[in-house]
Each structure stands twice: as structure tokens, then as C-alpha cells.
Amino acid sequence: MVVVKKYAQNITQTSGQYANQKYYRTWSNLNNLQSEGGVSQCGQSNSISTYIGGKTGTWPRPSTISFKNFGFNIPDYAKITRIRVGYSHYKLKVGGAYGVFAAPTITILNAKNLSSKGYAVPTSKKNFVTSFTTSLTPKQVNDYNFGLKLNYPANSSTNISIIRLSDVWVEVTYSAVKFSVNSSADNLKPHVNKPVDITLDLATASNLSNYNSSVSVTLPAGTVFNGKISGWGSVSVKNNVLTWNAQLLNQKTASVTFQVYFTTIGTKTLNFVEDSSDSSSRLILQVQENTAEVNVMYDDVVKESEPFEAVVTISADEPLNGCEDVIVTFSDNFTIDFVESEYAVTNTGNVYTISPDLSEKNVNEITFTLTCNTTGNHEFTTLFETITKVYSVKVRPENLTLPYFARLILDEKVIDRLGDGKDYLVSSVMSLSCSEENSSLYDAYDYNYRIGVFNENPTGLETDEDYFSHSVWSEPISVINDFEEKSIAFKYCEDYPVMIFITGEYVEADASAINILYTYPCISEILSEDMSLEEPGLFPYPVKGLPFADDYCACLLNSFRTTNQVRAYDIDTSGLLTDDNSIIQGVSVNFDVNIDSTMSVLVRLITAEGKIGERSIIVNETTGSLEIGGQFDLWGLDFEDFNPETLENCELEIVFLNNYTHDSYIELNNLHITFHYIEITDSIIKAWVNGIDLRYYNVFINDVKIPAGHNLDVKYLEITGTDSNSAYRSNISQKELEIDFVVPGCDIVETSQFMERISRLFSNDRDKFNKPILNTIEFSHFPGRIWEFIMKDAIDADVEFSTYSGKIKLVIPSGDSRSTDAVITNATGVNSSMAKVNPEIILIANGTTITIVEENSSQKLIINDSTLSGDMIRIDCANRTVNKLVPQEDGSFVNEDITNKVDFNSDWFLIQGEYRFNCNNTANIQSISFYERW
């Protein structure tokens with residue numbers, strides 16, 4: 001992104017009458033605003049007749065100012081993404097009082113319908129910025145008549161006043177051509193003086209009709225340019241700077257391949273930079289000498305008197321002229337039966353001299369066939385360029401065949417969990433158990449005291465020795481009478497069976513003297529720890545440009561790709577004037593983007609306490625500002641999750657997803673977060689709906705009407721021939737609760753939005769059968785009471801100016817409230833409330849039958865179950881259920897329903913007033929609990 005800021009060179013103002021008997025007060029020294037720091041003033045201090053008048057005066061309104069001729073020179077190919085208008089203004093006190101001026105209207109000239117409210121005039125100098133997202137063309141912005149109009153409203157107080165204005169500027173942000181540069185080499189570890197082919201790829205988001213791009217790199221010391229091989233444009237070197245000039249004609253991409261070589265060894269870093277956009281790509285090469293090395297392949301355990309091979313390999317990465325001799329020395333215990341070599345090999349006894357030739361073939365192999373007739377450990381050595389390597393061979397007695405072993409064949413369930421071609425590790429914790437006098441018998445060869453895996457084609461394999469020789473084996477157990485883990489890796493092939501071998505001592509040795517202990521083998525997949533094989537992170541680059549308006553970051557997101565998380569933190573909240581009475585109402589996340597095709601944006605909001613909210617949006621091709629969240633969007637979190645004192649510790653995580661078949665290019669910047677909050681004040685009557693303070697919704701309660709007592713539905717028996725009727729049934733019926741409220745404010749749109757949210761708060765959710773789910777409400781003047789309600793009718797409210805007032809009517813189906821805290825007693829107590837309640841009873845059974853009696857009312861409940869004795873039982877009289885509480889290992893309980901064990905004639909207890917429960921030694925009551933009803 002390119003950002004250009006300028007000041008107007010043509011500044012004019014309105015004058016004269018703007019309404020009946022109302023006139024503009026003009027500004028002085030307007031030309032001072034043509035540069036930074038200049039000040040213009042509306043209203044003079046030398047006479048009362050030159051001030052800005054009060055609202056009842058004749059000259060109450062500052063003149064409207066037009067700013068033109070900014071002198072922008074935006075390139076024709078540029079795409080304008082944003083226009084910002086900056087200014088400073090403040091008002092002066094006159095006669096001990098200030099005037100009152102609402103926000104001016106800022107209109108962009110030479111554009112249609114591009115205006116916005118600025119900021120009200122403060123009492124001290126402050127800088128303000130108003131942003132516009134726009135699709136204006138460079139031609140419109142470069143025009144002489146492009147600019148802005150600053151339209152102040154009239155003074156809304158009776159006080160006369162003065163306004164000072166300074167630093168009025170316009171800033172244009174546009175995207176020039178943005179490139180991505182990629183570099184690669186055909187060999188990242190080249191040898192000295194050997195050519196390396198380097199390829200540069202240049203790409204941009206859209207076709208360029210005719211554009212010259214230049215990519216340059218300062219060549220590190222010891223680098224020689226060897227010419228261009230293929231591709232677009234020209235490649236040249238001047239003063240050790242290599243430059244690729246590429247002309248793009250109606251295309252998005254260009255590529256070139258050239259050749260260099262290095263005359264010195266070491267790390268060579270080439271940092272390619274596209275000159276117009278500062279896009280770059282770094283290529284790091286490790287230049288090294290082409291040297292030879294010696295390796296020997298052989299079996300480190302062989303059988304006595306049985307021939308084996310030792311293959312000596314002398315190799316270099318590339319053909320090499322001139323190579324020193326290799327001296328191979330075998331101990332006298334070895335007999336050299338045969339030497340196979342294309343190269344000169346001479347010997348003196350068991351000392352062999354190899355004269356390699358790497359000038360044409362970069363690998364020389366010499367095969368020695370040897371035998372050893374002496375058991376035990378033996379050595380041979382190689383000497384090359386002053387470096388001696390020692391190789392050990394263990395010769396086992398020829399009479400040893402195979403050790404005792406256990407063969408484990410994996411079943412189909414385990415096989416089904418393995419992935420073809422995946423690497424797995426087979427592990428077992430193993431130990432050799434042996435008495436001290438037999439410890440000298442421990443002697444590890446090629447197969448004993450270890451774990452092995454067979455997973456090959458079994459065709460043609462007939463003996464156990466065949467299977468052993470085609471298996472892979474771990475290292476042997478290294479010590480006796482101790483446990484150690486042994487592991488062996490293998491690559492699984494689904495076409496062949498898997499066998500796991502656990503081996504002990506050889507059959508021909510004193511096998512009974514050593515016992516082997518092991519755990520059942522565990523198979524686990526081997527995950528690569530080579531970070532160079534991991535796919536690199538995908539981020540907008542440079543990510544540090546994200547929060548700034550005058551910088552940006554960019555990312556090319558291929559189809560079905562997702563960026564890694566970008567986390568923004570250390571939020572500057574110095575401008576938030578919050579205190580303990582501040583309540584966050586919503587959170588908005590805004591940023592400016594330039595996107596060439598549809599993609600998705602996911603944002604996570606993480607509070608200081610670690611709570612996480614998420615929002616996502618789909619973004620089509622656009623250039624402008626995006627907003628996620630909103631004024632009343634808490635991102636799925638609660639009011640209490642936002643502490644105004646710790647807002648600076650909130651964090652954002654941003655992820656871009658391209659779940660489409662096209663590639664997407666995105667540029668973004670100016671990331672900022674807005675916390676919307678209100679200040680709540682104390683209230684005589686406070687209320688909580690579902691635990692949420694109504695003041696958080698800007699609701700203040702004037703009065704609450706809660707009818708005292710119960711509404712009763714009474715049934716009467718009419719007795720003919722008498723003067724009275726007999727009441728035979730009385731039930732508590734529903735009643736209504738009425739709340740007189742007010743929602744104050746100075747913005748009708750905002751208070752209307754509060755009313756919508758209040759309606760949602762009070763409205764009842766419904767279950768899948770459309771049965772209403774009861775909400776709860778509590779009041780501060782009825783502590784310890786809670787009402788369950790249904791809001792049957794819409795809220796009745798009137799609006800005056802921008803303040804709503806009205807009544808909320810709630811239906812209380814139960815006809816009463818209940819206590820917020822349960823009453824918990826032992827077997828005796830009192831229900832002091834106005835209604836009968838069903839208690840919950842917890843007890844321990846003493847036998848197979850439980851008989852519970854409430855002595856004051858003669859109610860009785862009987863449970864019969866042959867497995868009850870010693871169990872904890874919970875009796876829920878309200879829901880008419882009985883559960884056995886089965887203890888778990890973690891200390892919790894699981895409910896086991898035994899309601900069917902309750903005697904048919906039992907009473908589900910209702911208690912009112914004094915109660916006394918007695919189990920007559922059939923059980924021990926632990927608790928009686930219930931909620932009082934009022």
C-alpha cells in the first residue's frame with residue numbers, strides 16, 4: 001500500500017444568510033490551513049459582535065469551508081482503497097462559558113454520496129481522523145476540484161463562542177502493484193566451482209498490461225554470475241548487484257533461470273528484492289568442498305568358520321580427481337578368502353592398500369570375503385586421510401543355531417489399525433533374570449535377548465532361521481537383573497503378515513540359567529520430527545504491518561488452504577474512560593482489506609481470563625473496511641467475562657480460509673478493536689433476569705407490582721336448602737407481575753436496539769415440543785426470592801424523543817416465588833412458607849425394606865428391594881422418582897433408577913409447617929431439603 005498525505009491549496013468559505021435572520025460567522029486566516037501547523041479562527045475576541053453567537057443570536061453558525069487543489073498525482077493503474085481526513089479543532093471559553101457545537105459533516109468533493117459525521121468540538125485541542133472507504137478513481141482524486149467540505153452546525157447553547165481549526169489534511173491510500181517473489185535452486189548444497197541453476201518467480205494479483213519490474217540481489221563474496229539460461233527479460237550484474245528486468249505484458253507472472261557458481265565455501269545468502277514493492281525472497285545455500293569418505297558395510301555378528309563379506313565403499317558427491325589410498329587392516333584372526341575389486345588393491349599379509357579412482361565414477365566398492373575361526377570380539381580398521389575408523393565383529397560359536405523365542409502374530413483387529421507404508425515402532429520393557437553365579441553366562445550375539453519384527457513376503461521361507469534372517473532386530477538387553485525398554489522400527493506392508501519375536505538364550509547354551517521377562521509389545525506410529533519436512537507456516541507478510549493504517553501485509557492463499565493463526569495482543573486502551581460502572585455491550589473488530597476473490601475470515605476473541613468467543617464472515621471481492629462483531633455482540637460470552645480494567649490484555653486470533661477452487665490474494669491493514677460500553681448507575685430497585693442484571697441492558701425500574709399472597713382456584717359444593725356452600729378443593733393459580741421501566745438515551749437508534757435486546761432477554765425459549773422454558777427474575781427488594789415466569793404479551797412501551805418507557809407483564813405459572821437457597825435439615829424441621837412443598841430425601845438403607853413416615857401428617861412411603869442394604873438412596877418427591885446412588889472411583893455417584901421398587905400405595909410427601917420423619921430403624925435419614933414457596 002502507498003499512503004500520500006497533502007494539504008489543500010485552495011480554501012474558500014460560505015458567508016451571508018443561511019436561514020431566516022440567521023447568518024454565517026466567517027473564519028479568519030484560512031490560507032494558514034495550506035500547510036501543517038497553520039491555524040484559522042472563527043469568532044474574534046476583540047468585540048462581542050465578532051464572536052460566534054448563541055442559538056438565539058443572529059450569527060450562531062460557523063461558515064462552511066471547502067478545501068480543494070490538493071495536488072495528488074496517483075498513478076493511473078493504482079487502486080484507491082481509503083481516504084482519511086484529519087483535522088484539529090477546539091472551542092474557547094468566552095465569559096466563563098463554552099458554546100456547544102455538535103460534530104461537523106465532512107463531505108468528499110468530486111465524489112457522489114461520500115460524507116460522514118466528524119467529531120464534536122472539544123474544549124481543548126485534539127486531533128481527529130475520519131476514514132472513508134471508496135471506489136474513487138485516480139483521475140477523480142488527481143482533479144483540481146477533489147477535496148472536502150467541512151460543514152459545522154449552529155451553536156446549540158446560548159453562550160457565545162470561538163472555534164480554532166488547524167491541520168486539515170487528506171490522506172489517500174492506494175495499492176500500487178504488489179508482487180510476490182519466490183526463489184529456488186537446483187542444489188542447495190553445491191560444491192565449490194560447480195554451477196548452480198537459480199530460478200526466480202514473480203507474481204501479482206491481476207494482469208498488468210505493460211509493467212517493468214526489477215528484482216535485484218547483492219551477490220555474496222565468492223559468487224560468480226555464469227549467464228541467463230531461460231525465461232523472461234534480461235539478467236545483468238553491475239558492481240556485484242545482479243538485476244533481473246522483466247516486462248509484464250497482459251500477464252500475472254514471470255520467471256527466469258540463471259546460473260552462478262561459488263569460488264569459496266560457507267553459507268551464501270541471496271536476498272532477492274522486487275524494487276518497486278519491497279517484496280523479497282531469501283535463498284540460503286551451503287557451499288562445500290567435494291571430498292571423499294570411506295564406509296564399510298558388514299554383519300557385526302557372524303558365525304564361526306562361516307564366510308562373510310565386508311564391502312568397503314569410497315564415495316564422493318561428484319566425480320573427484322585425485323584421492324588418497326585407503327589402508328584396510330584385518331587382525332590375524334581373520335582369513336581373507338577373496339577380494340573383488342575393479343580398482344588396484346595390494347596387500348602385505350592382512351594389510352590391504354586400495355587405490356581408488358573417483359575421476360569418472362564417484363563411488364568405488366571393494367568386497368572382502370572373510371572367515372574367522374575364533375569366537376569372541378575381533379576388529380579391523382580403515383585409514384584414510386589420517387582418519388582411522390575401527391570396526392568390531394563378534395564371532396559366535398558355530399554350534400549355536402537359534403535362541404529360545406516367543407512368536408506373536410498380530411490379529412486382524414490390530415492389523416486393521418495399521419497404515420500401509422507407515423513407519424511403526426514396536427517396544428517392550430524387558431529384563432534378564434539370572435543368579436549372580438550365572439551372570440558370566442550372559443553373551444549377546446545377533447538374535448538373543450532382544451525383540452524382532454517380521455513383515456516380509458513369507459513365500460519360500462520354511463524354517464525359523466529363514467524368518468529370523470528376514471526380520472529386523474533391536475539391540476540386545478545390555479545388563480542383567482534390570483528392566484530396560486527395547487524397540488525396533490519397521491515400515492508396515494499390508495500385503496504381508498506381521499510377527500513379533502521375543503528371544504532368550506540360545507538353545508545350545510545354558511538357556512535354563514537365564515530367564516527373560518517382558519511386557520506385551522506396544523506398537524506406535526513414528527511421527528517425523530524433521531521440521532524441514534513440515535509444511536512452512538502461511539501468514540500474511542509482513543504480519544507487523546497489520547495494525548497500522550500506513551502499512552499493510554499481504555498473502556496469496558491458494559485454493560483449499562488456510563493461513564496459520566495470526567495473534568494480535570497488547571491492545572492500547574488508553575482512550576477508554578472506564579471504571580467499575582462500565583459494562584461492555586459489544587466488541588467490534590475492524591480492518592481494511594483488498595481482496596480479489598471470495599474467501600472466509602475467522603476471528604477468535606480471547607479475554608484476559610482466557611474465555612474465547614468466535615465470529616466468522618464470508619468476504620467477496622472488495623476493497624474497503626470490514627467489521628466483525630458489533631455494538632451489541634459479545635461473541636457468545638457474558639457481560640461478566642469482560643473486565644474494563646483488563647481489556648488491554650484481550651487478544652485476537654485471525655485466520656483466513658480459502659475453501660474454494662480459486663486462489664485468493666488479500667492485502668490488509670488498520671486492524672483495530674472497538675469496545676462498546678455504557679455507564680450504569682445505581683438504582684433503588686434492581687432486577688436480574690436469568691441471573692443478568694437488567695441495568696446491563698440500560699433498563700431502569702421505576703416500580704414493580706407483585707401481588708402479595710396467592711390467587712386460589714377454589715371449588716365449592718353447593719348444598720341445596722342451606723344458606724352456604726362448602727369449599728372442597730383449593731389450588732394455587734397463576735398470577736401476573738408488572739414492571740414499570742424506562743430505557744433512557746440520547747440516540748433513538750441505540751435505545752431502539754436496547755429495546756430489541758430487552759425483548760429477547762425476557763422472551764421464553766421453547767423445547768422441541770414447543771413447550772415454553774421458564775425464565776427467572778429476582779428483585780433486590782425481595783432478597784432470596786426468585787420467580788419463574790412466561791412473557792405472554794409483547795412489551796408495552798412508548799417513546800419520547802429517544803427514551804422508552806413502559807410496562808412488562810409477566811405470567812407466574814406457579815402463582816408464587818421460591819427461595820433461592822434450599823432449606824436443608826435432618827429428620828425434623830419446619831416449612832415456614834405459604835405453600836406445601838415436595839422435599840428431596842437422602843438416606844442410607846439398613847435392610848431390604850425402607851419405611852418412611854411423616855408423623856404429623858401420617859404420610860408413608862415404602863421401598864422394597866433385596867439389594868438395598870447399605871446403599872445411599874435419593875427420593876425426589878416432586879418428580880416422583882427414587883434413585884440408588886452408586887459410588888464411582890473418582891468420588892462421584894451414578895443414579896440407578898429404582899422407582900419401580902416403591903410400594904404402589906406410598907405417599908410422595910407434601911410438607912407444610914412442622915414436619916417429623918421417622919424410618920423406624922429401616923434407614924438413617926441424612927437430609928431433608930426443599931425450596932420454600934411464597
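Biologist: What is the volume of the largest pocket?

Modeller: In this predicted model, the largest pocket has a volume of about 1,600 Å³.

Biologist: How many residues line the largest pocket, and which lie nearest its centre?

Modeller: The lining of the largest pocket consists of 39 residues, and Asp572, Leu671, His672, Ile673 and Thr674 are those nearest the centre. Two or more lining residues come from each of β9 (79-92), β11 (115-117), β12 (126-132), β44 (566-568), β45 (582-595) and β50 (664-679).

Biologist: Which element gives the most to that lining?

Modeller: That is β50, which gives 7 residues to the lining of the largest pocket.

Biologist: And how do the lining residues divide into nonpolar, polar and charged?

Modeller: For the largest pocket, 18 are nonpolar, 12 are polar and 9 are charged.

Biologist: Turning to cavities, how many are there of 30 Å³ or more?

Modeller: The count is 2 cavities of 30 Å³ or more. The second largest cavity holds about 30 Å³ of space.

Biologist: Which residues line the second largest cavity?

Modeller: Its lining is made up of Ser683, Ile685, Lys686, Ala687, Asp693, Leu694, Arg695, Val699, Phe700 and Ile701. By class, the lining of the second largest cavity has 6 nonpolar, 1 polar and 3 charged residues.

Biologist: A change of topic: how many salt bridges are there?

Modeller: The count comes to 22 salt bridges. One of them joins the side chains of Lys194 and Glu318, with an N to O distance of 4.0 Å.

Biologist: Where do Lys194 and Glu318 lie?

Modeller: Lys194 is in the loop between β15 (179-185) and β16 (196-208), while Glu318 is in the loop between β26 (308-315) and β27 (326-330), so the pair ties together parts that are 124 residues apart in sequence. Lys194 counts as partly exposed, because its relative accessibility is 37%.

Biologist: What about Lys361 and Glu342?

Modeller: Lys361 forms a salt bridge with Glu342, and their closest N and O atoms are 3.8 Å apart. Because Lys361 lies in the loop between β30 (351-355) and β31 (363-372) and Glu342 in the loop between β28 (334-341) and β29 (344-348), the pair ties together parts that are 19 residues apart in sequence. Lys361 is partly exposed at 47% relative accessibility, whereas Glu342 is exposed at 64%.

Biologist: Are Lys486 and Glu484 buried or exposed?

Modeller: Both fall under the 20% limit for buried residues, with relative accessibility of 11% for Lys486 and 17% for Glu484. The two form a salt bridge in which the closest N and O atoms are 3.1 Å apart.

Biologist: Which residues are linked in a network of salt bridges?

Modeller: Arg567, Arg604, Glu614, Glu651 and Glu653 are linked in such a network.

Biologist: Now the backbone: what is phi of Asn481?

Modeller: Phi of Asn481 is near 60°, which is a positive value in a residue other than glycine. Most residues other than glycine have a negative phi. Asn481 sits in the loop between β37 (472-473) and β38 (483-491), and its relative accessibility of 47% makes Asn481 partly exposed.

Biologist: And what is phi of Arg880, and where is Arg880 found?

Modeller: Arg880 also has a positive value, with phi near 55°. This residue is found in the loop between β67 (872-876) and β68 (881-887). Arg880 counts as exposed, because its relative accessibility is 53%.

Technical notes:
Residues are numbered from 1 along each chain as its sequence is written. This is a predicted model: local features need pLDDT of at least 70, side-chain atom pairs count only at pLDDT 80 or more; totals for chains, interfaces and linings use all residues. Side-chain values use heavy atoms; hydrogens and water are left out. On a 1 Å grid over the protein atoms alone, a cavity is a set of points where a 1.4 Å probe fits but cannot get out, and a pocket is an open set with protein on both sides within 12 Å along at least five of seven lines; lining residues have an atom within 4 Å of a point. Grid points are joined across faces, edges and corners, and a volume is the space filled by probe spheres set on the points. Helices (H or I, at least four residues) and strands (E, at least two) are DSSP runs, numbered from the N terminus. Ala, Val, Leu, Ile, Met, Phe, Trp, Tyr, Cys and Pro count as nonpolar, Asp, Glu, Lys and Arg as charged, and the others, Gly among them, as polar. Buried means under 20% relative accessible area, exposed over 50%, partly exposed in between (1.4 Å probe, protein chains only).
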